[in-house]
Each structure stands twice: as C-alpha cells, then as structure tokens.
Amino acid sequence: MVATLSADIVRSTSLHTEDLIELRNRLLNLLDKIERDYHGFWARIVKGDGIECFIPEQRYALRIAVLLKLFVKMQADKYECSEMLQKYGIRFSIGMSRMVYENRKEGIIDGPAIYLSGRNLDIISHKTNVYSIVEMDGAQEEMNCFLDSYVAMVSNLVDSYSVKKAEVVYYKLLGFKEREISERLGIFQSSVNTRSTNAQWGLLNTAIKDFENINYEGLCG
C-alpha cells in the first residue's frame with residue numbers, strides 16, 4: 001500500500017504574483033529536503049498553487065502533510081495576504097491504496113491513490129470551511145470515517161497555532177533539538193520549551209506517531 005497527498009495553498013490568489021513565486025520556490029526546497037529524508041518520496045507543484053506527493057511508505061503521509069501545512073503558515077506570515085492563508089496554510093487530502101503507477105522521470109502519478117486524494121481535494125476545495133481529509137481504498141466506511149476524524153483533529157490543532165508556535169513545532173518535526181531550535185530562531189531555549197508546551201507538542205507528536213503505527217494492510221483485509 002502507498003499513499004498520495006494532494007494539497008493546495010488556501011487563498012493563494014491573495015498573494016502578489018512575485019510573492020507566490022517566492023513561496024513556490026521555498027516550497028520546492030522543502031520538498032527536496034523531504035525527498036532526501038523519506039526514501040522513494042517525490043512531489044510536484046501543479047497549477048501554480050497545488051501540490052501532489054507520492055509517498056511509498058503510506059504511514060508517513062500525515063507527518064508530511066503537517067510539515068507542509070506548518071511551512072506554508074510560517075511563510076504566509078511574511079506576506080500581505082488573506083487571513084485564511086495565514087491561518088490554514090494548505091488544505092490536504094490523503095489517498096491510500098494497494099496499487100499505483102508512478103514514473104518520476106515522466107512526472108506521472110496514476111492509480112487509485114491519486115484518484116482518491118485528487119477527487120477529495122476537489123470536493124473540499126469547494127466547501128466554505130477549510131478542512132482536510134483521508135480515504136483508504138478497500139477499508140470499511142466506518143474505518144475511513146474514523147481516520148478522517150483523526151486527521152481532521154490533527155489538522156485543526158495545527159490551524160490553531162500562531163507563527164511562533166508553528167516554527168517550533170515545524171523544527172521539532174524535522175528532528176531538531178530545543179537547543180538547535182533556539183539557535184535557529186534566535187530565542188532562549190526556555191522560550192522554545194514554552195512555545196512547544198503551549199502548542200501541545202506532546203499531543204501532536206503522539207497523534208502522528210500513532211497514525212504511523214496503524215496496520216493499514218490489515219485494515220484492508
């Protein structure tokens with residue numbers, strides 16, 4: 001089983017063209033880093049503000065989605081743009097399936113997983129509220145509803161972060177120690193710890209790790 005992640009930048013049209021180009025380039029740099037850290041991962045930016053990711057180890061899909069959401073929230077604070085963009089960063093849709101065709105050289109992602117994530121992103125993009133979604137091919141409806149609620153709660157927690165909290169959690173998800181984060185942000189280590197606590201880092205970290213430990217193959221029989 002693999003996962004695909006479809007996402008778009010919320011209210012990207014509120015950005016000036018040059019700012020959107022700059023954000024896109026910074027996002028490409030992050031995607032390159034994720035590619036180095038997660039074997040077989042690759043991603044592309046589509047239609048200017050859309051992101052499509054191929055994630056061969058499906059358990060990491062939520063972690064990567066949260067990293068992207070935090071990153072765009074952090075970057076959006078630098079620009080004059082919609083408050084919705086600053087609050088949500090991206091909305092995302094995760095699709096999981098046993099079968100997928102991918103050809104990085106040709107830039108092709110095809111199969112049930114990308115159909116699921118792409119279709120569901122289209123659905124939520126037309127909703128008034130901003131939220132995220134996950135669907136696993138072959139799982140019972142009740143299990144998909146559970147996973148959907150689980151991911152929504154994680155996403156909503158991240159939506160509540162200020163930029164200062166988002167920065168700390170972002171670097172923690174990348175594996176940085178509090179001392180290293182304090183040096184990067186130019187703040188006291190005690191401030192890093194305070195922001196981490198206020199962001200409920202322990203809860204978020206546990207939730208993401210629990211998602212990674214689910215036996216997805218077993219849920220699909």
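# Pockets, helices and sheet, by definition

Me: What is the volume of the largest pocket?
Reply: The largest pocket has about 280 Å³. A volume is the space filled by probe spheres set on grid points, which are joined across faces, edges and corners. This is a predicted model, in which local features need pLDDT of at least 70 and side-chain atom pairs count only at pLDDT 80 or more, while totals for chains, interfaces and linings use all residues. Residues are numbered from 1 along each chain as its sequence is written, and side-chain values use heavy atoms, with hydrogens and water left out.

Me: What makes a set of points a pocket, and what makes it a cavity?
Reply: Both are found on a 1 Å grid over the protein atoms alone. A pocket is an open set with protein on both sides within 12 Å along at least five of seven lines. A cavity is a set of points where a 1.4 Å probe fits but cannot get out. The whole structure has one cavity of 30 Å³ or more. The largest cavity holds about 30 Å³.

Me: Which residues line the largest cavity?
Reply: The lining is Tyr38, His39, Ile55, Pro56, Glu57 and Tyr60. Lining residues have an atom within 4 Å of a point. By class, the largest cavity has four nonpolar, one polar and one charged residues in its lining. Ala, Val, Leu, Ile, Met, Phe, Trp, Tyr, Cys and Pro count as nonpolar, Asp, Glu, Lys and Arg as charged, and the others, Gly among them, as polar.

Me: Which helix gives the most to the lining of the largest pocket?
Reply: Helix 4 does, with four residues. The lining has 13 residues, and Val46, Lys47, Gly50, Leu121 and Asp122 lie nearest the centre. Helices (H or I, at least four residues) and strands (E, at least two) are DSSP runs, numbered from the N terminus.

Me: Why is helix 6 called roughly perpendicular to helix 8?
Reply: Their axes cross at roughly 95 degrees and come within 9 Å. Angles of 65 to 115 degrees count as roughly perpendicular (under 35 is roughly parallel, over 145 roughly antiparallel, the rest oblique). So helix 6 is roughly perpendicular to helix 8. Axes are lines fitted to C-alpha atoms, for helices over the stretch in contact, and angles run from 0 to 180 degrees between N-to-C directions. Helix 6 makes the contact with residues including Lys164 and Val168, helix 8 with residues including Val192 and Arg195. Contact means heavy atoms within 4.5 Å.
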